[in-house]
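The stops below go from helices to a sheet.

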Amino acid sequence: MSIEVRGISKLYGKQKALNNVSFSVGSGEVVGFLGPNGAGKSTMMKILTCFIPQNSGQAKVLGYDVLENSIEVRKNVGYLPESNPLYYDMYVREYLKMVAGIYKFGKKSKERVEEMISATGLTPEAHKKIGALSKGYKQRVGLAQAIIHDPKVLILDEPTSGLDPNQLADIRELIINLGKDKTVILSTHIMQEVEAICNRVIIINKGEIVADDKTEMLQSKISGAPALIVEFKNTVSKDALLNVQGVKHAKLVAENKYKLDVSQLDEARSNIFRFAVDTNNEVLTLNVEEQRLEDIFQKLTVAK
């Protein structure tokens, strides 16, 4: 396994940020590490990148213990923190050349810097000082420094923050390509991004793992009663729909459009069409509501 976390706990004073957290991530996995603000995502990432120590438990990256072999861990990990600290008075190439020097590229530093500028789409802005860049381009510089040493593990905290839709598509494609031969853990609040990039999801809430599975498996496990979205041509009452056999709950979501929680999809569909014929109404649309990752996230993290 590229990453192994066993029973990690972290305290800030009396506040427990992580409580006995365990998970593992294999090579080639792109994992979305999700959770509400304050759930412990950034704390876990800082432990894996040797920025802070845990209070108990063990974490290993490529077999190296984050406490006992932190130098080896740092050599093999690329990290983009949420704050993305950069030297604003340095030029883009100057900064990346400095990072390449830290990783001892020597005579190959210039070549590697140009590769990173091209890979992260920095070419149009590479002649500028970092402080003069937009937030999106600053984020690209942070991503370039995270991958410049070709690490085997990437840990990205909000990697697409501040990017416009076109930039998002480019960076998503880059992360997907990187994930073909690297282990990638990324946190984000954009659920569509997770669905587009990640092949697995870990959800943390209040310092504890509440879900860990492939996205499609998570959807099938967490989904509650099946739901239908039905739109009628003419007005129909909620009470009338509740009298249709198989309909358990009805919620008006738009004019003449209802979300129906049903016991069995096929039976309910037939009964709704029969109801429409009997009441001389017309069904304009009838669709099964897909369980979105955003819905699953809310179910698992919203305080009851």
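At what angle do helix α5 and helix α6 pack, and how far apart are their axes? Select residues 135-147 for α5 and 165-178 for α6: the angle is about 10° and the axes are 12 Å apart. Because angles under 35 degrees count as roughly parallel, α5 is roughly parallel to α6. Axes here are lines fitted to C-alpha atoms, for helices over the stretch in contact, with angles running from 0 to 180 degrees between N-to-C directions. Helices (H or I, at least four residues) and strands (E, at least two) are DSSP runs, numbered from the N terminus.

Before going on, note that this is a predicted model, in which local features need pLDDT of at least 70 and side-chain atom pairs count only at pLDDT 80 or more, while totals for chains, interfaces and linings use all residues. Residues are numbered from 1 along each chain as its sequence is written, and side-chain values use heavy atoms, with hydrogens and water left out.

On α5 pick G136, Y137, R140, L143 and I147; on α6 pick Q167, D170, I171, L174 and L178. Contact means heavy atoms within 4.5 Å. Of the residues in this contact, six are nonpolar, two polar and two charged; Ala, Val, Leu, Ile, Met, Phe, Trp, Tyr, Cys and Pro count as nonpolar, Asp, Glu, Lys and Arg as charged, and the others, Gly among them, as polar.

Stay on α5 and select Q139. Q139 has a relative accessible area of 5% and is buried (under 20%; exposed is over 50%, partly exposed in between, with a 1.4 Å probe and protein chains only). Beyond neighbours within four places in sequence, Q139 contacts L80, N84, E158, P159, T160, S161 and L163.

Next, select α3, residues 92-102, and colour its buried residues V92, Y95, L96, V99 and A100. Looking down the axis of α3, they fall within an arc of 140°, so they line one face of the helix; the arc is that of the directions from the helix axis to the C-beta atoms. These residues pack against α4 (109-119) and α5. After α3 comes K104, with a positive phi near 60°.

Last, move to the open sheet of four strands, ordered β12-β13-β11-β14 with antiparallel pairing. Its edge strands, each pairing on one side only, are β12 (247-254) and β14 (283-288). Strands pair if DSSP finds at least two bridges between them; β11 (227-232) and β14 have five. E231 has T285 of β14 as its bridge partner. Finish with α10 (265-278), which lies across β11, β13 (257-262) and β14 and runs at about 15° to β11.

Notes:
Angles under 35 degrees count as roughly parallel, over 145 as roughly antiparallel, 65 to 115 as roughly perpendicular and the rest as oblique.
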